[in-house]
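The model is shown first.

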Amino acid sequence: MLSPTPTRVLAASMAAVAILGIVAGTVLEGSPPLSQLMFIVLVSPLPALGWLVAHRRPDNLYGWLLLATADCLGLGSLGAGLLVFADAGWPTPMLVLAVLLSSLFTLFYGLSWVFIPLFFPDGRLPSRRWRVGVWIAGVAIAVQWLGMLLFSGEAQAVSWFSNPLGVTGPAGLVVATLNGLGQLTVFGTALAVLGSLVVRTRRASGPERRRLGWMAAGLAVTLVGFPLAMFFLFAESMAAAWISFTPMLSALPAAIGVAVFRHNMLDIRVGVRGSRFFLVFDLRPTVDELLSELAPGLEEAEPGELLGRLAEAVRTGLDVRWAAVTLADGTRVVAGEEEGEPELTVPAGQGHIACGPRDGGLTRDDRRLLRALAVPVGLAIQSTGLAARLVNAQEAERRRIERNIHDGVQQEVVALIAGLELARATGGDAETLTLLRDQARQTLDDLRELAAGIHPSVLSQGGLAEALEERCSRLPVPSTVRVDPEPRVRRFPDEVEGALYFTVSEALANTLKHARASTVDVRLTLSGGRLGVTVADDGKGFDPGTVTRRGLVALADRLAALGGGLDVASAKGEGTRVRAWVPVHD
């Protein structure tokens with residue numbers, strides 16, 4: 001269930017204001033009930049559509065534009081109803097309020113003719129060149145509204161009394177001129193917007209073209225209906241004026257509604273549920289909603305299952321036939337039945353997401369959704385790769401220990417048992433028993449050495465500093481160990497000490513095998529909340545870009561899992577420096 005966020009509460013409030021204003025104003029005007037009902041039915045879709053867009057896409061300007069336009073219509077209707085309903089006993093402030101509200105009709109027409117079609121369908125201007133047009137239209141609408149507000153004579157041409165805000169004389173002539181110029185400018189700008197819609201429709205294709213075509217038709221009907229309605233209104237032919245007003249007020253909301261429900265402008269699909277014929281409005285979820293629904297399952301999913309859930313979330317969120325998540329190593333998981341070439345592919349961390357086609361095609365909003373979703377999916381892919389490498393490293397370490405036991409200690413124990421059996425059978429002299437004792441001691445030493453490869457006892461008992469010194473004391477090359485004062489006397493979590501100890505051990509092993517170094521320097525530091533070790537040698541060095549560091553890769557993953565990191569600096573003839581660190585807390 002969607003939470004009542006402030007933006008959604010605001011959207012519902014604006015829609016309610018518009019609808020209540022429309023109903024109240026229509027009732028106050030005192031028209032026949034059938035006419036009142038028809039007017040309410042014709043204009044109510046505008047606030048409903050505005051609420052739908054703003055509720056589901058609060059970051060999209062278009063929904064708020066529709067709601068603002070609907071509020072101008074609703075409050076203008078309320079003001080017009082008050083002007084008709086007013087009598088001689090009304091105080092002047094009430095009359096002024098009614099005039100102010102009814103003047104909002106001017107803003108409604110300006111927003112409907114220019115801004116709603118211009119920002120259609122995604123709340124953005126068609127091009128930067130329209131910025132000047134927007135300013136011209138905004139100034140013209142404001143001028144026309146001011147002229148209507150200060151126009152003398154009967155207030156808004158619907159009341160029996162003069163406008164209490166009206167001005168007369170030369171100032172009244174200026175006001176009338178401004179009103180006419182503003183109206184002509186707004187109408188001319190609306191014609192330019194219509195021309196732009198026609199051009200955009202011809203250049204577009206697929207669902208985009210159909211959506212733009214409906215908006216162009218709606219604006220054309222609106223612009224034709226207005227002068228006809230004004231002509232019949234001044235000719236006092238109310239029936240003909242009403243017939244002209246009807247398509248003018250309903251054409252744009254109808255065009256937007258068709259674009260939304262018929263051509264998936266906002267990915268809203270209308271279906272039938274069960275035998276009762278309930279309409280189902282299935283809206284595409286936002287990135288936050290997708291992640292909120294997906295998060296509980298991701299926490300419990302295994303690495304292989306994780307990719308499948310991510311692919312299914314993308315497929316469901318975009319309503320495409322299939323979606324695939326691919327890792328850098330070639331691992332690929334597909335949700336749905338993959339057919340044909342991908343419709344859209346975007347990078348996601350150390351992999352990419354590919355989407356198949358969708359009936360009606362993918363929109364610009366779909367592409368933005370997928371690119372936004374690629375960020376958290378990329379992090380999940382990276383986490384999956386890290387988990388897989390850790391699992392592989394653990395398996396490789398298990399096999400190494402198994403091999404060492406089989407090839408080393410196990411053979412020594414077998415030989416020791418055989419020697420004991422032989423001594424038992426022959427009586428065993430002193431020399432044989434001494435030999436068996438030496439074999440047992442050697443086996444014990446080998447077991448201790450093997451255990452040191454798992455977790456040395458000196459590390460558990462003496463701490464990281466003592467373990468590093470003990471490890472370096474057995475090196476066949478001269479070595480120095482430098483330890484800061486605090487890490488010498490302080491203990492750290494087992495996983496932190498173990499990760500840094502084995503990093504040093506691997507670095508020293510690489511030095512002995514490959515570096516041909518004459519000296520090795522190991523340093524243990526604690527600074528800025530980071531416990532770090534550095535292993536530097538004066539060996540022959542290497543090009544890091546051409547050498548595979550298998551052992552260090554597993555250790556780097558281990559450090560990364562602790563929030564730390566590892567880097568290697570080397571060059572031919574300049575030695576090698578391995579630096580690892582892990583964050584620690586006081």
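## Salt bridges

The whole structure contains 9 salt bridges (a side-chain nitrogen of Lys or Arg within 4 Å of a carboxyl oxygen of Asp or Glu). The model is predicted: local features need pLDDT of at least 70, side-chain atom pairs count only at pLDDT 80 or more, and totals for chains, interfaces and linings use all residues. Residues are numbered from 1 along each chain as its sequence is written, and side-chain values use heavy atoms, with hydrogens and water left out.

Arg315 pairs with Glu312, with the closest N and O atoms 2.7 Å apart. Both lie in helix 12 (residues 303-318), 3 residues apart, or about one helical turn; helices (H or I, at least four residues) and strands (E, at least two) are DSSP runs, numbered from the N terminus. Arg523 and Asp484 form another salt bridge, at 3.9 Å between the closest N and O atoms. Arg523 is in strand 8 (residues 520-527) and Asp484 in the loop between strand 7 (479-483) and helix 17 (485-489), so the pair ties together parts 39 residues apart in sequence. Asp484 is buried at 18% relative accessibility (buried is under 20% relative accessible area, exposed over 50%, partly exposed in between; 1.4 Å probe, protein chains only), and Arg523 is partly exposed at 35%.

## Thr511

Thr511, in helix 18 (residues 494-515), is buried at 7% relative accessible area. The Thr511 side chain reaches the backbone oxygen of Ala507 at 2.9 Å.

Notes. A polar contact is a pair of N or O atoms within 3.5 Å; within protein, one must be able to donate a hydrogen and the other to accept it, and residues adjacent in sequence count only if both atoms are side-chain atoms.
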